[in-house]
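Open the model in a viewer and keep the sequence panel beside it. The stops below say what to select next and what is there.

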Amino acid sequence: MLTCPDCAAEVSDAASACPACGKPMGRGGPVHTLLRIVGLLFGIPSLIFLALVLYWRMTELLLYGFVAVLLSAAVFYIGESRARAARRR
Ligand SMILES: [Zn+2]
């Protein structure tokens with residue numbers, strides 16, 4: 001959930017405008033949202049994986065853990081920066 005900057009109403013993450021006052025929330029398009037969701041869906045398990053790899057000292061899997069975390073962070077960042085760029089327009 002997001003908070004509307006104008007009227008402080010709770011707005012769904014998927015909503016393109018505030019239902020209370022109609023202020024456009026300037027969310028990125030569905031592609032940006034999808035990128036962020038994919039980034040989070042992969043990022044969180046990747047972080048857990050990396051933590052377990054470090055905990056169990058499975059150095060041969062360390063590279064995969066880092067790559068997975070970096071990839072999902074990159075996907076999330078692309079979605080986030082695209083959404084931010086779309087908001088400025
Ligand atoms: Zn509002």
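**First stop: helix H1**

Select residues 30-56, which form helix H1; at 1.5 Å a residue its 27 residues should span 39 Å, and the end C-alpha atoms are 39 Å apart, so the two agree. The expected span here is 1.5 Å times one less than the number of residues in the helix. Helices (H or I, at least four residues) and strands (E, at least two) are DSSP runs, numbered from the N terminus.

This is a predicted model, in which local features need pLDDT of at least 70 and side-chain atom pairs count only at pLDDT 80 or more, while totals for chains, interfaces and linings use all residues. Residues are numbered from 1 along each chain as its sequence is written.

**Along H1**

Stay on H1 and select His-32, Leu-35, Arg-36, Gly-39, Gly-43 and Ser-46, which are buried. A residue is buried if 20 or more other C-beta atoms lie within 10 Å of its own, exposed if 12 or fewer, and partly exposed in between; the C-beta atoms are placed from the backbone.

Next select Leu-40, also found in helix H1. Leu-40 counts as partly exposed because it has 14 C-beta neighbours inside 10 Å.

Move to Pro-45, whose place is in helix H1. Its 13 C-beta neighbours inside 10 Å make Pro-45 partly exposed. Ala-68 lies 23 residues away from Pro-45 along the chain, with a C-alpha separation of 9.1 Å.

Most residues other than glycine have a negative phi. Arg-57 is found in the loop between H1 and helix H2 (59-88). With 8 other C-beta atoms within 10 Å, Arg-57 is exposed.

**Helix H2**

Continue to Ala-83, found in helix H2. Ala-83 has 18 C-beta neighbours inside 10 Å and therefore counts as partly exposed. Show the C-alpha distance from Ala-83 to Pro-30: the residues are 53 apart along the chain, and the atoms are separated by 9.6 Å.

**Back to the strands**

Select Ala-8, in the loop between strand E1 (2-3) and strand E2 (10-11). Is Ala-8 buried or exposed? Ala-8 counts as exposed, since 11 C-beta neighbours lie inside 10 Å. Its phi is near 65°, again a positive value in a residue other than glycine.

Then take Ala-15, in the loop between E2 and H1. Ala-15 is partly exposed, with 15 other C-beta atoms within 10 Å. Its C-alpha atom and that of Met-1, 14 residues apart along the chain, are separated by 9.6 Å.

**The whole chain**

Now select everything. The secondary structure comes to 2 helices and 2 strands, and read along the sequence the pattern is β-β-α-α. Buried residues make up 15% of the 89 residues in the chain. Of the contacts with a separation of 6 or more, 40% are between residues 24 or more positions apart; two residues are in contact if their C-beta atoms, placed from the backbone, lie within 7 Å.

Finally, colour by pLDDT, the predictor's confidence in each residue, from 0 to 100. The mean for the chain is 85, and 90% of its residues reach 70 or more. Confidence is lowest in E1, at a mean of 83, and highest in H1, at 90. Where pLDDT is low, the predicted coordinates should not be read in detail.
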